[in-house]
Amino acid sequence: MKIFVVGSTGRVAENLIKDLVSDGHEVVAGARKIERVIELEHVTPVHFDLHDDVDEMTKSIKDVDAVYFVAGSRGKDLLQTDAFGAVKVMQAAEKNGIKRFIMLSSMFSLEPQEWHREGLADLTDYNIAKFFADNYLISNTKLDYTILQPASLTEEKGTGKVSINGSGKQNAIPNVAQVLAALLKHDNTIKKVIRMSDGDQNIDDALTEL
């Protein structure tokens, strides 16, 4: 498949791009600073700015089979990147007739009553941005979406073992990337919101059982 990755210079994105290429896909890597995109065969960097309008984004995304939104401002640009930037990417995908859309979100982003939990209180503004973006994706588009909600990200080595829809508190970044890449192989994840953390189940087995 030909895949467009939004936010392709981030921590999760670099691992995701490697996994997608390993799975045989062609990746178009959208980034504001294309010189920071990982250099790999089958990866084409393109300039992509979440402050641009929908028409400009539509020209950049073009004809791909799926879009990943893995961008994040780390609290510096929540409205224009994490919230409205995501919405504009969804609109651009629909304008181009793209159906598959995979969103990297945050644990319990759609459940404000859970935001008091340990580790989430400091992420309230981020979760508010994701709350509106995720709700738009579900309620205002016809995209074949999957929303992945990982727990806190860590720099630990990936194990390929996860827990799905549990209440774990952390994820190794490589595990998150592997789950994101694997979603393309599991159509049963379409129209679903999936929580994940590190665990003891093989990724493909865990997704198959959803």
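Predicted model: local features only at pLDDT ≥ 70, side-chain atom pairs only at ≥ 80, totals over all residues.
Trainee: Is His 42 buried, partly exposed or exposed?

Mentor: Buried means under 20% relative accessible area and exposed means over 50%, with partly exposed in between. His 42 has a relative accessibility of 42%, and therefore counts as partly exposed.

Trainee: Which loop holds Lys 62, and how should I read its accessibility?

Mentor: Lys 62 belongs to the loop between helix H2 (54-61) and strand E4 (66-69), and its phi is positive too, at about 55°, although it is not a glycine. Because its relative accessibility is 54%, Lys 62 counts as exposed.

Trainee: What about His 186, buried or exposed?

Mentor: His 186 counts as buried, because its relative accessibility is 9%. It is found in the loop between helix H5 (173-182) and strand E10 (192-198), and, leaving aside residues up to four places away in sequence, His 186 touches Arg 100, Asp 204, Leu 207 and Thr 208.

Trainee: How do I describe the way in which two helices pack?

Mentor: Two packed helices are described by the angle between their axes and by the distance between those axes. Here H3 and H4 pack at an angle of about 10°, and their axes are 9 Å apart. Because angles under 35 degrees count as roughly parallel, H3 is roughly parallel to H4.

Trainee: Which kinds of residue make up the contact of H3 with H4?

Mentor: The residues of that contact divide into 10 nonpolar, 1 polar and 3 charged. Among those that meet are Leu 78, Ala 83 and Met 90 in H3, and Tyr 126, Ala 133 and Leu 137 in H4.

Trainee: How much space lies in the largest pocket, and which residues are closest to its centre?

Mentor: The largest pocket holds about 1,400 Å³ of space. It is lined by 47 residues, of which Ala 71, Gly 72, Ser 73, Arg 74 and Tyr 126 are the closest to its centre. The lining divides into 18 nonpolar, 16 polar and 13 charged residues. Several elements each supply at least two residues of this lining, including helix H3 (78-95) and helix H4 (124-139), while the largest share, 3 residues, comes from H1.

Technical notes: Residues numbered from 1 in each chain as written. Heavy atoms only, no water. 1 Å grid on protein atoms, 1.4 Å probe; cavity = no way out; pocket = protein on both sides within 12 Å on 5 of 7 lines; lining within 4 Å. Points joined across faces, edges and corners; volume = space filled by probe spheres on them. Helix = DSSP H or I, 4+ residues; strand = E, 2+ residues; numbered from the N terminus. Nonpolar A, V, L, I, M, F, W, Y, C, P; charged D, E, K, R; others polar. Axes fitted to C-alpha atoms, helices over the stretch in contact; angles between N-to-C directions. Parallel < 35°, antiparallel > 145°, perpendicular 65-115°, else oblique. Contact = heavy atoms within 4.5 Å. Buried < 20%, exposed > 50% of the residue type's maximum accessible area, 1.4 Å probe, protein only.
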